[in-house]
Amino acid sequence: MKAVRVPDAGAEFEVVDMNVPEPGPGEVRIAVEACGICHSDVFVKEGQFPGIDYPRVPGHEVVGRVDAIGEGVNAWDDGQRVGVGWHGGHCFSCEPCRRGDFISCKNGQVTGIASDGGYAEYMTAPAEAVAAVPDDLESAAAAPLMCAGITTYNALRNAGAKPGDLVAVQGVGGLGHLGIQYAHAAGFETVAVSRGTDKRDLAMDLGADHYVDSEAEDPGEALVELGGARIVLATAPNTDAIESVVSGLGVDGEVLAVGIPGEPVEVSVQDLVMGRRSVAGWPSGDARDSQDTLEFSALRDIEPMIESYPLEEAADAYERMLSNDARFRVVLEP
Ligand SMILES: [Zn+2]
Ligand SMILES: [Zn+2]
């Protein structure tokens with residue numbers, strides 16, 4: 001099969017011929033139809049994640065068809081269309097797993113990091129890491145929902161906001177353009193916060209009720225004027241951006257970070273204590289959460305905006321993702 005792999009930390013991608021992998025016990029093999037390129041693929045490309053064995057095929061936004069089934073797997077059928085995301089399997093026996101909190105598994109595997117991922121024509125995945133893909137979603141559109149989609153959807157649905165509450169989505173990019181759609185579909189009064197006016201019309205089209213240009217006005221003050229946010233979903237991996245919205249929270253308001261800045265965030269504890277505010281984070285979710293994301297997206301016609309490339313052009317596609325110019329998710333199609 002054709003695959004794109006990283007030969008060593010920091011090295012260039014190489015297009016190679018590899019043996020089609022055989023599914024082990026408890027695994028399925030997937031004939032890949034689409035794989036999104038996520039910013040977290042930088043971990044693999046640059047060796048920023050502990051314990052990666054190189055060469056490694058990246059890719060954790062995978063959609064394809066089950067085409068071989070390992071011993072002991074009954075949940076999936078040959079030919080069924082499925083997806084695999086960041087969460088690439090769990091141990092079932094650690095304390096979080098015993099409580100059903102699989103995303104917090106102490107021995108959790110990450111797709112495309114612990115094992116080869118979706119920058120290839122075929123990959124294998126543990127059966128518990130697989131989600132069913134609804135017929136209404138095309139594979140290329142479903143792929144980014146396996147990471148960018150589930151992260152924003154699962155964060156918002158667990159954040160405690162109710163329909164009508166003021167919910168801001170900070171950053172109108174790969175995560176944010178999905179977050180706005182989910183917030184709108186969930187019935188929240190939705191605010192898009194971004195720098196400049198370029199993305200204003202798009203944000204309103206995606207379902208925002210308000211747009212805050214964080215260059216023209218202080219986003220914290222703007223949110224207070226709108227009544228104070230119950231949730232700010234912070235998608236931009238930027239400390240200044242996160243710090244700038246804490247003052248815009250209402251009572252019990254929460255900044256929920258899903259983008260990860262490289263530097264620590266400074267917060268006034270006084271701002272937190274008065275009004276019971278908090279700054280928190282949210283990881284993605286498990287395979288059933290992914291399936292919920294796909295099903296809700298199909299139900300409400302929510303799709304990512306994508307640019308797609310053939311597998312052989314993975315290196316160019318990856319650069320496009322890094323450039324921040326892509327609108328908004330880059331997808332490889334073998
Ligand atoms: Zn990702
Ligand atoms: Zn576990």
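This is a predicted model: local features need pLDDT of at least 70, side-chain atom pairs count only at pLDDT 80 or more; totals for chains, interfaces and linings use all residues.
User: Why is Cys 91 called partly exposed?

Analyst: Its relative accessibility is 25%, so Cys 91 counts as partly exposed.

User: Which residues are donors of the zinc ion (ligand 2), and what makes its site tetrahedral?

Analyst: Donors are N, O and S atoms within 2.8 Å of the metal (3.2 Å for Na, K and Ca); water is not among the atoms, so sites may look incomplete. The SG atoms of Cys 91, Cys 94, Cys 97 and Cys 105 coordinate the zinc ion (ligand 2) at 2.3 to 2.4 Å. Four donors count as tetrahedral if all angles lie between 85 and 135 degrees. The angles among the 4 donor atoms are 102 to 121°, and the site is tetrahedral. Along the chain these donors follow the spacing C-x2-C-x2-C-x7-C.

User: Which protein donors does the zinc ion (ligand 1) have, and what does the pair Cys 38 and His 60 tie together?

Analyst: Cys 38 (SG), His 60 (NE2) and Cys 147 (SG) lie 2.0 to 2.2 Å from the zinc ion (ligand 1). Cys 38 is in the loop between strand 3 (27–37) and helix 1 (41–46), and His 60 is in the loop between helix 1 and strand 4 (62–69), so the pair ties together parts 22 residues apart in sequence. Helices (H or I, at least four residues) and strands (E, at least two) are DSSP runs, numbered from the N terminus. Cys 38 is buried at 7% relative accessible area, and His 60 is buried at 2%.

User: Why are helix 4 and helix 10 called roughly perpendicular?

Analyst: Angles of 65 to 115 degrees count as roughly perpendicular. The axes, lines fitted to C-alpha atoms over the stretch in contact, cross at roughly 95° and come within 9 Å for helix 4 (residues 148–157) and helix 10 (residues 287–299). The two helices are therefore roughly perpendicular to each other.

Key
Residues are numbered from 1 along each chain as its sequence is written. Chains are lettered from A and ligands numbered from 1 in the order in which they are written. Side-chain values use heavy atoms; hydrogens and water are left out. Four donors count as tetrahedral if all angles lie between 85 and 135 degrees; four count as square planar and six as octahedral if opposite donors are over 155 degrees apart and all others between 65 and 115; anything else is irregular. Buried means under 20% relative accessible area, exposed over 50%, partly exposed in between (1.4 Å probe, protein chains only). Axes are lines fitted to C-alpha atoms, for helices over the stretch in contact, and angles run from 0 to 180 degrees between N-to-C directions. Angles under 35 degrees count as roughly parallel, over 145 as roughly antiparallel, 65 to 115 as roughly perpendicular and the rest as oblique.
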